[in-house]
Amino acid sequence: MSADGLNCKQCGGLDYIKSGTVRGHQRYRCHRCGCNFTDTPLRGKPPAMKALAMLLYGMGNMSFSMIGRLLGVSDVAVLKWVRAEASALPEPEVAAQVITVEADEMWHFIKKSLPSCGSGAPMTLIHAALWPGFWVGVMMQPAAACSTRSA
């Protein structure tokens, strides 16, 4: 019964029968899986449009609003596409080394020797090379409950 090229939207089967109407559209019932479907286009945007949005966001440095205006969708839709792709990515493995450094040279610039200025208090520097040519360093004071002795 697939003379018009229609197939089941769930299993792709070509064996179906008419099964009434819904909202003015002819309804069909698949013999293979029992799914009811109509001859309407699928919802959502094509995958090619979503891929273009990912490229514009990742490589083109464009904002969600600008991508949305360019593609004719809302900025919230672009945000959801980016979050969906990001959640599908594997968690990166970053090997970080922890080095304790005492930053006591701050008093030269401030002309004070106060612990609130960072002078004299031990600090923890966490650094990592996320990928070649990209280095990240975070300096923070240790928690009150941890030891400041280096190993």
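Me: Hi! Which residues does Lys18 touch, leaving out those up to four places away in sequence?
Reply: Lys18 touches Gln26, Arg27 and Tyr28, once residues up to four places away in sequence are set aside. Keep in mind that this is a predicted model.

Me: Thanks. Where is Lys18 found?
Reply: Lys18 is found in strand 1, which covers residues 16-22.

Me: Is Lys18 buried or exposed?
Reply: Lys18 counts as exposed, because its relative accessibility is 59% and the exposed class begins over 50%.

Me: Let me zoom out. How many helices and strands does the protein chain have?
Reply: The protein chain has 4 helices and 6 strands. Along the sequence they follow the pattern β-β-β-α-α-α-β-α-β-β.

Me: What share of the residues is buried?
Reply: Buried residues make up 18% of the 151 residues in the protein chain.

Me: How about the surface: what do carbon and sulfur atoms supply?
Reply: The protein chain exposes about 11,700 Å², and carbon and sulfur atoms supply 58% of that.

Me: Okay, insides next. Which residues are in the largest nonpolar core?
Reply: That core has 9 residues: Met49, Ala53, Leu56, Ile67, Leu71, Val73, Val78, Trp81 and Val82. At least two of its residues come from each of helix 1 (47-58), helix 2 (64-71) and helix 3 (75-88).

Me: What does Trp81 touch?
Reply: Not counting residues up to four places away in sequence, Trp81 touches Lys45, Met49, Lys50, Ala53, Met54, Leu71 and Val73.

Me: Which residues of helix 3 are buried?
Reply: They are Val78, Trp81 and Val82. Seen down the axis of helix 3, these buried residues fall within an arc of 95°, so they line one face of the helix.

Me: What covers them?
Reply: The cover over the buried residues of helix 3 includes helix 1 and helix 2.

Me: And which exposed residues are on the face turned away from the buried side?
Reply: On that face, helix 3 carries the exposed residues Lys80, Arg83 and Ser87.

Me: What span should helix 3 have, and what does it have?
Reply: Helix 3 has 14 residues, which at 1.5 Å a residue should span 20 Å. Its end C-alpha atoms are 20 Å apart, so the two agree.

Me: Changing topic: how many aromatic pairs does the structure hold?
Reply: The structure holds 4 aromatic pairs. One of them is Tyr57 with Phe64, a stacked pair at 4.8 Å centre to centre and 15° between the planes.

Me: How accessible is Tyr57?
Reply: Tyr57 counts as partly exposed, at 35% relative accessibility.

Me: Which residues form an aromatic cluster?
Reply: Tyr16, Tyr28 and Phe37 form one. Tyr16 and Tyr28 also belong to a second, separate core of 7 residues, which includes Leu6 and Cys35 as well.

Me: Tell me about Cys35. Where is its place?
Reply: Cys35 is in the loop between strand 2 and strand 3 (36-38). Cys35 counts as buried because its relative accessible area is 16%, and buried means under 20%.

Me: What is Cys35 in contact with?
Reply: Leaving aside neighbours within four places in sequence, Cys35 is in contact with Cys8, Gln10, Tyr28, Arg29 and Cys30. The C-alpha atoms of Cys35 and Tyr16 are separated by 9.3 Å, and these two residues are 19 residues apart along the chain.

Me: Last topic, backbone. What is phi of Arg23 near?
Reply: Phi of Arg23 is near 50°, a positive value in a residue other than glycine. Most residues other than glycine have a negative phi. Arg23 is found in the loop between strand 1 and strand 2 (25-30), and it is exposed, with a relative accessible area of 79%.

Me: And what about phi of Asn61?
Reply: Phi of Asn61 is near 60°, again a positive value in a residue other than glycine. Asn61 is found in the loop between helix 1 and helix 2, and Asn61 counts as exposed at 73% relative accessibility.

Methods: Residues are numbered from 1 along each chain as its sequence is written. This is a predicted model: local features need pLDDT of at least 70, side-chain atom pairs count only at pLDDT 80 or more; totals for chains, interfaces and linings use all residues. Side-chain values use heavy atoms; hydrogens and water are left out. Buried means under 20% relative accessible area, exposed over 50%, partly exposed in between (1.4 Å probe, protein chains only). Accessible areas come from the Shrake-Rupley method with a 1.4 Å probe; for residues, only the protein chains shown count as cover. A nonpolar core is a set of buried Ala, Val, Leu, Ile, Met, Phe, Trp, Tyr and Cys residues joined through side-chain atoms within 4.5 Å. Contact means heavy atoms within 4.5 Å. The expected span of a helix is 1.5 Å times one less than its number of residues. The arc is that of the directions from the helix axis to the C-beta atoms. Rings of Phe, Tyr and Trp (its six-membered ring) pair if their centres lie within 6.5 Å; planes under 30 degrees apart count as stacked, over 60 as edge-to-face and the rest as tilted.
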